[in-house]
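The sequence and structure are shown first.

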Amino acid sequence: MSTTRETILAALHARLQLIAALTLRDEVLPERIPAAGLIILRDGQPGEPEVTLSPLRYHYQHRAEIEVVVQAGTGRTSTFDDLIASIGAALEADRTLSGLCDWVEPEAPASVDLPIEGAAALKAAIITIVLHYTTTGPLA
């Protein structure tokens with residue numbers, strides 16, 4: 001039996017796997033970045049919930065992170081932008097992850113260029129994804 005948190009994160013990972021880029025969950029950065037790019041979902045933190053009584057419910061704004069990495073000698077910026085747009089489209093297509101979540105809200109990416117000695121530079125970003133959901137307990 002999975003917790004609500006795990007069920008939602010697994011559904012988010014499945015949604016991201018619909019994108020052409022390699023999509024991993026809580027993995028280390030591989031040595032080679034695929035031409036279509038790389039997405040790594042990090043579970044993040046659920047934070048402090050708001051609690052309502054009668055019935056007892058815990059309302060979370062869980063902050064997961066998506067690491068996006070592209071490596072290309074030419075066209076790196078457009079490949080990166082296309083990948084970010086694909087993530088946005090995948091999330092907008094189902095903002096509730098088939099009803100598992102109240103709402104999925106991505107924040108704007110914070111991107112950076114990372115030079116690699118002897119190889120094409122990386123363009124990377126972290127996108128925070130706020131997952132709004134309710135549980136019956138902090139361990140449920």
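## Salt bridges and their setting

Glu 6 is partly exposed, with a relative accessible area of 26%; here buried means under 20% relative accessible area, exposed over 50%, and partly exposed in between, with a 1.4 Å probe and protein chains only. The model is predicted, so local features need pLDDT of at least 70 and side-chain atom pairs count only at pLDDT 80 or more, while totals for chains, interfaces and linings use all residues. Residues are numbered from 1 along each chain as its sequence is written, and side-chain values use heavy atoms, with hydrogens and water left out.

A salt bridge is defined as a side-chain nitrogen of Lys or Arg within 4 Å of a carboxyl oxygen of Asp or Glu. By this rule the model contains 8 salt bridges. The table lists some of them.

| Pair | N to O distance |
|---|---|
| Arg 25 and Glu 6 | 2.8 Å |
| Asp 94 and Arg 15 | 3.7 Å |
| Arg 76 and Asp 113 | 3.8 Å |

Helices (H or I, at least four residues) and strands (E, at least two) are DSSP runs numbered from the N terminus. Between Arg 25 and Glu 6 there is a salt bridge of 2.8 Å, N to O. Because Arg 25 lies in strand 1 (residues 22-25) and Glu 6 in helix 1 (residues 4-16), this pair ties together parts that are 19 residues apart in sequence. Arg 25 is buried, at a relative accessible area of 19%. A network of salt bridges links Glu 6, Arg 25 and Asp 43.

A salt bridge also joins the side chains of Asp 94 and Arg 15. Asp 94 lies in the loop between helix 2 (76-92) and strand 5 (103-106) and Arg 15 in helix 1, so parts 79 residues apart in sequence are tied together. Both Asp 94 and Arg 15 are buried.

The side chains of Arg 76 and Asp 113 form a further salt bridge. This pair links distant parts of the chain, with Arg 76 in helix 2 and Asp 113 in strand 6 (residues 110-116), 37 residues apart. Arg 76 is buried, at 19% relative accessible area, whereas Asp 113 is partly exposed at 42%.

## Helix 2

The buried residues of helix 2 are Arg 76, Phe 80, Leu 83, Ile 84, Ile 87, Ala 90 and Leu 91. They cover an arc of only 125° around the axis, which puts them on the same side of helix 2; the arc is that of the directions from the helix axis to the C-beta atoms. The face turned away from this buried side of helix 2 carries the exposed residues Thr 77 and Glu 92.

## Strand pairing

Two strands pair if DSSP finds at least two bridges between them. Strand 1 and strand 2 (residues 38-45) run parallel and are joined by 4 bridges, and Leu 24 stands opposite Ile 40 in strand 2. The covered face of strand 1 holds Thr 23 and Arg 25, and its uncovered face Leu 22 and Leu 24.

Strand 2 pairs with strand 4 in the antiparallel sense over 6 bridges, with Leu 41 opposite Ile 66 in strand 4. Strand 4 also pairs antiparallel with strand 7, over 14 bridges, and there Ile 66 stands opposite Ile 127 in strand 7. Strand 3 (residues 50-52) is joined to strand 4 by 3 bridges in an antiparallel arrangement.
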